[in-house]
Amino acid sequence: MTHRLSPHALLPDERHDERERQAFVGALRGHLAGQVMPGNYAIYRGRVEPEFERQHGRKPLHHNEVRAVMEQQPYYQFWSALQRCSQQRMWDAVIDSVEREWPRLNGASKRLRKRGSLMLDPTLSVPRYHTAVDIHLQPGGYHTDFAVDDVAAGAIYDLGLNIYSHGMMGPRNEYLGDLLLRYFLSVHPRFKPLRILDMGCAIGNSTLPWARRFKKARVDAIDVAAPQLRYGHARAESLGVPVHFSQQNAEHTTFEDQSFDLVISHIMLHETSRSALKHIFAECHRLLKPGGLMLHLEIPRGKNVIENFLYNWESWNNNETFGQYMTHIDLADIARQAGFASDKVSCADHAVPRAKEQQLYSEETLWKIIEARK
Ligand SMILES: C[S@@+](CC[C@H](N)C(=O)[O-])C[C@H]1O[C@@H](n2cnc3c(N)ncnc32)[C@H](O)[C@@H]1O
């Protein structure tokens, strides 16, 4: 079953055949996630873990140990190959509609009424963790312009995210923003931010719930990817929500010290690198007013080694190489190192055992792996 996005001025029209191809990929991915992927747990528990225990006298301690043995399993290989194939087919299925609608979309992005703003920086150097690979296998990644004033990568992300998530991001791909906002309101019901910054906003899909909720606030949204920002700006205008988009690297922005009451991000951190994480947290600390808050929503870590391994599939097979740090890295510790007071930092997920963090590949090793694959 396909989940259609609610129309807005920037959403490409789809023809019958394009819709059907998207429906097919969506159904394939739903089948893989619901029916095929869970078989990996059975293979692991029934065969792989007992065999590992026989050989080593203990169970695997880390997702990289699980990876070494699971990648030998034909069932895992079968699921993994289909999963990767479905990711490629997903982009193929949405790119046709965007290409056909391309001139209209690029033009429309310039005509919409401006309540918010858009500031691009052609001199910005896009970080290597984006230029080295096509992240998520999206051709050209988030950031590539294929024409002047291009919005294609944003339109492709909007349509692709809906299929990727099986429609679980909602009809406007806004549910992550809604989720983090609801968490924020439940924990800080009296906090009324007047300046909000969303880092790694892409098309602003998770930004808009914040701007709608805090109408008196000025909401800034930054990303390194120009086509996402052009699309996001026009999309927000067409939905009547004022947001100020600018092309900036979250590691070091141009905003002045203590500019914001609240800095947020939604699934951005895992797409940066290990060293970038430190820079981003330090930048959040610099940007916050006294008493301000930083809030990051991230991908799940998994409760045990087989979940850690399967949740890290994207890291090895979908060009999200540094995503594996999210499994075992101590984010609270990085926040403390960035200057946040120890008693003010919390991570909603379980604590990370230091021994597991030490078994992660170094950033240098991961760069070598990326280069060797080219
Ligand atoms: C998975 S997307 C998330 C988009 C959006 N926040 C959402 O909830 O769907 C991650 C975004 O972070 C952006 N990003 C990654 N590293 C960044 C950085 N250092 N500075 C600014 N944006 C960055 C990427 O360009 C991409 O648009």
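## Basis of the model

The structure is a predicted model, in which local features need pLDDT of at least 70 and side-chain atom pairs count only at pLDDT 80 or more, while totals for chains, interfaces and linings use all residues. Residue numbers start from 1 along each chain as its sequence is written.

A kink of about 65 degrees lies in α4 at W102, shortly before the proline P103. The bend at a residue is the angle between axes fitted to the seven residues ending there and the seven starting there.

Helix α2 (residues 39-56) has 18 residues and should span 26 Å at 1.5 Å a residue; its end C-alpha atoms lie 24 Å apart, which agrees. A bend of about 40 degrees occurs in α2 at R45. N40, Y44 and V48 of α2 are buried, a residue being buried if 20 or more other C-beta atoms lie within 10 Å of its own, exposed if 12 or fewer, and partly exposed in between, with C-beta atoms placed from the backbone. The buried residues of α2 pack against α3 (63-70), α4 and α11 (305-311). Just after α2, G57 takes a positive phi of about 70 degrees.

## The parallel sheet

Six strands form an open sheet in the order β1-β4-β3-β2-β5-β6, with parallel pairing; two strands pair if DSSP finds at least two bridges between them. β1 (117-119) and β6 (288-297) each have a single partner strand and stand at the edges, so one side of each is left without a neighbour in the sheet. From one strand to the next, the twist averages 15 degrees.

Strands β2 (residues 195-199) and β3 (residues 218-223) pair over five bridges, with D198 opposite A221 in β3. β3 and β4 pair over four bridges, and D220 stands opposite H244 in β4. β1 and β4 pair over three bridges, with M119 opposite S246 in β4.

## Nonpolar cores

The largest nonpolar core has 67 residues, of which A155, I156 and V263 touch the most other members. Such a core is a set of buried Ala, Val, Leu, Ile, Met, Phe, Trp, Tyr and Cys residues joined through C-beta atoms within 7 Å. Helix α6 (residues 152-164) supplies the largest share of this core, nine residues. Leaving aside residues up to four places away in sequence, V263 touches L197, M199, C284, L287, L288 and M294; contact requires C-beta atoms, placed from the backbone, to lie within 7 Å.

## E18 in helix α1

E18 lies in helix α1 (residues 16-36). This residue counts as partly exposed because it has 19 C-beta neighbours inside 10 Å. E18 and V94 are 76 residues apart in sequence, yet 7.4 Å apart in space, C-alpha to C-alpha. E18 also touches D96 and S97, not counting residues up to four places away in sequence.

How values were computed
Helices (H or I, at least four residues) and strands (E, at least two) are DSSP runs, numbered from the N terminus. Axes are lines fitted to C-alpha atoms, for helices over the stretch in contact, and angles run from 0 to 180 degrees between N-to-C directions. Two residues are in contact if their C-beta atoms, placed from the backbone, lie within 7 Å. The expected span of a helix is 1.5 Å times one less than its number of residues.
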